[in-house]
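Please keep the sequence and the model in view while going through the numbered points.

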Amino acid sequence: MNAADVEVFDLEYRYPDATPALRGVTFRVPAGEAVALIGPNGAGKSTLLLHFNGCLWPARGGVRVGGEPVTRSTVARARRAVGLVFQDPDDQLFMPTVLEDVAFGLLNAGMPPEQAQRRARETLDRFDLGGLAGRPPYRLSAGEKRTAAIAAVMAMEPSVLALDEPSSHLDPRGRRRLIGLLRSLPQTRIVATHDLELALEVCGRAILLDGGRVVAEGRTRELLSDEVRMQAHGLERPRGMEPPPSASPAVTVRP
Amino acid sequence: MHMADALISPAVGTAFWGVSGGLLGWSTRRLRNEGRPETVPTMGVLGAFVFAAQMINFAIPGTGSSGHLGGGLLLTILLGPWAAFLTIASVLMVQALVFADGGLLALGCNIFNLGFFPAFVAHPWIYRPLAGPDPRAPRAWAAAVAAAVVGLELGALSVCVQTVASGIAELPWRTFLLWMLPIHLPIGVAEGLATAAVVALVASVRPAVVTAGSRSARGAALVGLAAAAALVGGVVSWWASELPDGLEWALARSTGTEEIARPDTAVHRRLGKAQERVALLPDYGFRGSDKAGEEGGAPSSRIGTTVSGLVGGALTLAVAGGLALAIRLAGRRPAASG
Amino acid sequence: MSSADWTGLRSIDELSRLDTFVHRRDPRAMALATLAYVAVVMSYPSGSISALTPLALYPAILIAVGRLPVRPLARRMLLAAPFALAVAAAHPLLNRAPVAEVGPCHISAGWMTALSILLRFVLTVSAVLAAMACVGVDRLAVGLAGLGVAEMVAAQLSLLHRYLLVLGGEATRMARAVAARGGGARLPLRTWAGLAGHLLMRSLDRADRIHWAMASRGFEGRLPRTRRLQFRAADAVFLGVCAAGFAAARAWNLAVALGRLTGAR
């Protein structure tokens, strides 16, 4: 698995009722880096993530993963390259047991069942979920479900990991484990989140999205320190942060 | 309206398994050909939705009793006939297997009664032609009520046919029908209203929720009905022709008639006395008292509750229970290995 | 069905995870045995009572070997009984032709039929519930596919089963919220429609998300399975013993034979 870079260029998307959701989003995430997507509700973060592997198709513009554009003809490759972790693990753990969920992607990719099962078990062990292989998803705790959903995606060894609100519904211990996990992964990571402390700990850079547009991007610490801008876009500077440094040139503002 | 196994003969049950199984196979083939993978999770979730919605009762207007959503018509409006039929079948399967709501042998009957009529008859022949393009318009409501009533009444009729054809329950055909049909009328109206209300609500947010009709589904109605009639008629008549007058045969085999033997021991004498009190009546009629005067046929075809039958039956049940208990207790004793 | 019934699904799931001889049976064998049993029970002529009793051994042994708790199964049976009970109860009323006497009581043909129906109900329902408690819905789905049922049907069963508890939980929460605002156990149609409509919209949204999640991991229409079914010798023996037992019970009235052994004639 080689981490891949992700490029979004001029992405425009409208909801079925024609309201614009994304109005020309452009940014780039270098391979192996972790970037936080922050912004108020309705900014379009989840909608944006769904474009990375062809769940949604833009009206204009597009996405490139590892240099290759995500199109209807390349979508199968894009889906193996980009691991998308959804907000609600129940939407993602749809098989009768955890093991079958983790093996799902492998089997669809054509791996023989015995090998897929072995690889699934290895993945579960790697995430400390080995004992839960035979469990049905409803018998897992919220943290276990979250980890299992990530494991199911990671089993396919994607080059990019895109996560939508990964720390929601986690207790402090589960959240701590998630943060540790995300920091340790070599993939390119794009994390859409309201959890700004997590963004600070995991992601070096952040992109602020509002009204379907990129409003600002830069080093996470600097971006979050700008209280005025944060509040203008429905966010708050995290209370736990140290006092903001003086004006930094590392933040670029989009007109 | 779910039929239990206890009322279905193997002939009728098998016949309807054949019809429903064939329809299921047809549906899955059509769905595969449509090639829309998103249908798979949608069917699963909507099946779960119907189950969940059935948990919450509403007051049936005009009668004061509670009802719950059946869901057949609603599923067909949302999914189209083929996917709806499969979904309804899956809901009925879980209801039968997990909740004992409906039998296993009777599953084919239930899938036909509650799935075939809404999906392939009521929806394509009544709802779609009458409803018009806007699910919120009054004519759509009327169409839903009409379709639901027709679907449920046909289902109720079908239940009667299956019960009578099975011959396990010996209810007079007319009485049963006169009982089933009126009961399902307000239920049908309520189902139609509930369906229309839910569709109208969702359509205002998701206009595409109502699926386009399918012309081939109408054809399926005719094929399904023809197949059902042929299979049921064929199987049942074959079964009946194998037997002498079905009634006599039934009576003869009912509890095992045996000759009364002379008691020798005290136990036998006591049991013999008990036997004397159990009278064998030569004249009887199972189809109402008008047959009371008829001859019962050959002596071997007389029936009666013999003591051996009673004693044997009770003993057998006791043996079954005792054996089960013994196995259970043996299992509880800690085993030497595993 | 009340929210308490969700325990039915959970308890079947939990029970199916036990490890006993009958739990280890191939789901196809269990399905065939159950179907055969039900067919045999229902093949008896109307009014049969004592002839049916030996067949009680099958569910009894299944329950005992499978270590299945009797009370929940009995409760479920009672909940499912009303229609069959109603039909059965109609018989003594409709058919009063006397058939036998025990002491001062006349037993009418109607009573015989009613008792027969009730007995069949108990036998068939207990057999099906016991079998399901040994197999579980998911293994049944795999077993059905193994028996040649269309993969889509098996997939539908699995997905329905998976999301039943999820949506059931949502529905319960919504109903409780309504009840807290003064709705009774029985809502007016308009209120119900609002609740159901809301639940439907959430369900459709969830279906969209599940499909995206599936597609993201390569789904193209078939749910891949890792479970392999292995029909073992023990399964063949199980089926053979069942078949022999059912056939023997059907061919001869074993209860009467047993009764005669005790000397009763």
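1. In this predicted model, 110 residues of chain B are in contact with 111 residues of chain C, where contact means that the C-beta atoms of two residues, placed from the backbone, lie within 7 Å. Several elements of chain B each supply at least two residues of the side that touches chain C, including helix 1 (10-34), helix 2 (39-54), strand 1 (57-59) and helix 7 (173-205). Helix 11 of chain B provides the largest share of that side, 17 residues. By class, the side of chain B that touches chain C holds 68 nonpolar, 32 polar and 10 charged residues. Here Ala, Val, Leu, Ile, Met, Phe, Trp, Tyr, Cys and Pro count as nonpolar, Asp, Glu, Lys and Arg as charged, and the others, Gly among them, as polar.

2. Some conventions apply throughout: residues are numbered from 1 along each chain as its sequence is written, while chains are lettered from A and ligands numbered from 1 in the order in which they are written. Because the model is predicted, local features need pLDDT of at least 70 and side-chain atom pairs count only at pLDDT 80 or more, whereas totals for chains, interfaces and linings use all residues. Helices (H or I, at least four residues) and strands (E, at least two) are DSSP runs, numbered from the N terminus.

3. Which strand of chain C is joined to strand 1 of chain B? The partner is strand 3 (residues 186-187) of chain C, joined through two bridges, and these strands run parallel. In this pairing, B:Phe58 has C:Leu187 as its bridge partner. Two strands pair if DSSP finds at least two bridges between them. In general, strands of a sheet pair through backbone hydrogen bonds, either parallel or antiparallel.

4. The sheet is open, has three strands in the order 2(B)-1(B)-3(C), and shows mixed pairing. Strand 2 (66-67) of chain B and strand 3 of chain C stand at the edges with a single partner strand each, so one side of each has no neighbour in the sheet.

5. Chain A also meets chain C: 26 residues of chain A are in contact with 21 residues of chain C. Helix 3, helix 4 and helix 5 of chain A each supply at least two residues of this side, and the largest share, seven residues, comes from helix 4 of chain A. The side of chain A that touches chain C has 16 nonpolar, five polar and five charged residues.

6. Chain C contains 11 helices and three strands, in the pattern α-α-α-α-α-β-β-α-α-α-β-α-α-α along the sequence. Why is chain C described as more spread out than a compact globule? The radius of gyration of chain C is 23 Å, well over the 18 Å that the globule rule gives for 265 residues, so chain C is more spread out than a compact globule. The radius is taken over C-alpha atoms, and the rule is 2.2 Å times the number of residues to the power 0.38. Along its principal axes, the C-alpha trace of chain C spans about 70 × 55 × 30 Å.

7. Of the 265 residues of chain C, 54% count as buried; for chain B the share is 51% of 338 residues. A residue is buried if 20 or more other C-beta atoms lie within 10 Å of its own, exposed if 12 or fewer, and partly exposed in between, with C-beta atoms placed from the backbone.

8. In chain A, helix 6 (residues 142-154) has 13 residues that should span 18 Å at 1.5 Å a residue, and its end C-alpha atoms are 18 Å apart, which agrees. The expected span is 1.5 Å times one less than the number of residues. Helix 6 of chain A is mostly covered, with 10 of its 13 residues buried; among them are A:Lys145, A:Arg146 and A:Ile150. The buried residues of this helix pack against strand 6 (82-85), helix 3 (89-92), helix 4 (98-108), helix 5 (113-126) and helix 7 (172-184) of chain A.

9. As to confidence, the predictor gives the complex an ipTM of 0.91 and a pTM of 0.86. The average pLDDT, the predictor's confidence in each residue from 0 to 100, is 87 for chain C and 77 for chain B. Over residues 271-305 of chain B, pLDDT stays under 50.
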